[in-house]
Amino acid sequence: MLITHARLATLGSEPRIIDDGAMLVAGDRIAAMGTTAELTRRFPDADRWDAEGQLVLPAAICAHTHFYGAFSRGMGIPGEPPESFPQILERLWWRLDKALTIEDVRYSALVCLVDAIRHGTTTLMDHHASPNAIGGSLDVIAEAVQEAGLRASLCYEVTDRDGPERAQAGIEENVRFAKRAAEDPHLAATFGLHASLTLSEETLAACVKAADPLGLGFHIHAAEGISDQQDCLRKSGKRVIHRLGDAGIFGPNSIAVHCVHVDESEIDRLAETETWVTHQPRSNMNNAVGVAPVEMMLNRGVNVGLGNDGFSNQMFAEMKATYFLHKLDQRDPRAMPGNTVMDLAYANNARLAKIFWPDQQLGELAEGAAADLVLIDYHPTTPLSADNLPWHILFGFEASMITATVCAGQVLMRDRELLTLDEEAIAARSQELASEVWSRL
């Protein structure tokens, strides 16, 4: 497949803008890049796709999400609004996850995958919970990912809040699925944990023992709300990052999600262990938990990527939230510059994805890289260059401008029409299931 007459934004270590560019996709890789004139001469018999001047970018990567939360949209919880993050967990999320059946799990994933394709996100790192439908839940999500044609790392959230039997079932689901995921190049696994405040020392030790033989890292919420730190100090006398680090949870294959309430000693511990941190600004604002010290973490050598915590897979929206939130929080217009946001969303997320797919080169357009890309109907009214691209994204792009999504060479959406999933049928069944979940909840 030869994409012609495109404006290619390569990103990568030496970013370029190739005007009237062309790209040859062979199998799941980018086989050649150059100008339209050059590549049409070299590959005269290739099937052609005229991009008609649209911008082509690497597809987005989401470093942390929750497919299982899809049915929460528009749901009203009876009673007074939650006053704190612990109340949000208790009244919403810890009730919603218990209400999910295995079919709900399937359709929660499918609607999020439709959303991902529509918004050009082809690689996702999901963190799942369904306490009354644990066994096989990751298989159901994996089947949806395969049907969609996307790429995902999956895990089950182990927690003590639902009793020892369900905690053990969660451990077993992580171990079982990790062995299965190795068979599919689009799937990967990590070991899911909820958060320090719902995990005992015994359960943490059991998870480390189960994960070590498989070489799995962990995917855990850490210091998202101040309550996590308060609980940890009260029970262990340690701060969250130190407790989890001492338990063997952290390392270069592990993800500590949020890290809003961390001090300098914890930041140094994250850097020393090469643990990944993911930032989810829209979620942090919605839950009113605070603002993570992302720039301090970056300056001290912490690996930081960008997720969405179950919000829509519009990663452009997450980038914009990151850009504006930190300026407001610090009351400094120099905070969180656009090129830093770009690094979080593309370069850093691609390095994180490399842990799960070591043979894939993601987050850039280059010969030999994965053919993960999006076409964007963006025709700038000011000069566009590799240097100012971040600010075009932040101030010019809208998710509705995405017209096509390609993952591993497979066209998942073209001219805004989904090709692998029946969006209308999925939405209709999702409405039926969500109504039943709301009634049970």
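Start by selecting D50, E52, D377, D415 and E417, which together form a negative surface patch. Keep in mind as you go that this is a predicted model.

Next, let's visit a pocket. Select L11, G12, P15, M342 and D343: of the 20 residues that line the second largest pocket, these lie nearest its centre. If you draw a surface here, the space inside comes to about 310 Å³.

Which helices each supply at least two residues of this lining? Show α13 (338-356) and α14 (389-396) as cartoons, and you have them both.

Now for some charge pairing. Side chains of opposite charge can pair when their charged atoms come close. The count of salt bridges in this model is 27. For one of them, select E173 and R176 and show their side chains: the closest N and O atoms of this salt bridge are 2.9 Å apart.

Why are these two separated by about one helical turn? Bring up helix α5 (residues 164-181) and the reason is in view: E173 and R176 are three residues apart in that helix, so about one helical turn separates them.

Terms used
Residues numbered from 1 in each chain as written. Predicted model: local features only at pLDDT ≥ 70, side-chain atom pairs only at ≥ 80, totals over all residues. Heavy atoms only, no water. Patch = residues over 30% accessible without salt bridge, like charges linked within 9 Å, V, L, I, M, F, W, Y side chains within 5 Å. Areas by Shrake-Rupley, 256 points an atom, 1.4 Å probe, with all protein chains shown as cover. Salt bridge = Lys/Arg side-chain N within 4 Å of Asp/Glu carboxyl O. Lys, Arg positive; Asp, Glu negative; His and termini not counted. Charge placed at Lys NZ, Arg CZ, Asp CG, Glu CD. 1 Å grid on protein atoms, 1.4 Å probe; cavity = no way out; pocket = protein on both sides within 12 Å on 5 of 7 lines; lining within 4 Å. Points joined across faces, edges and corners; volume = space filled by probe spheres on them. Helix = DSSP H or I, 4+ residues; strand = E, 2+ residues; numbered from the N terminus.
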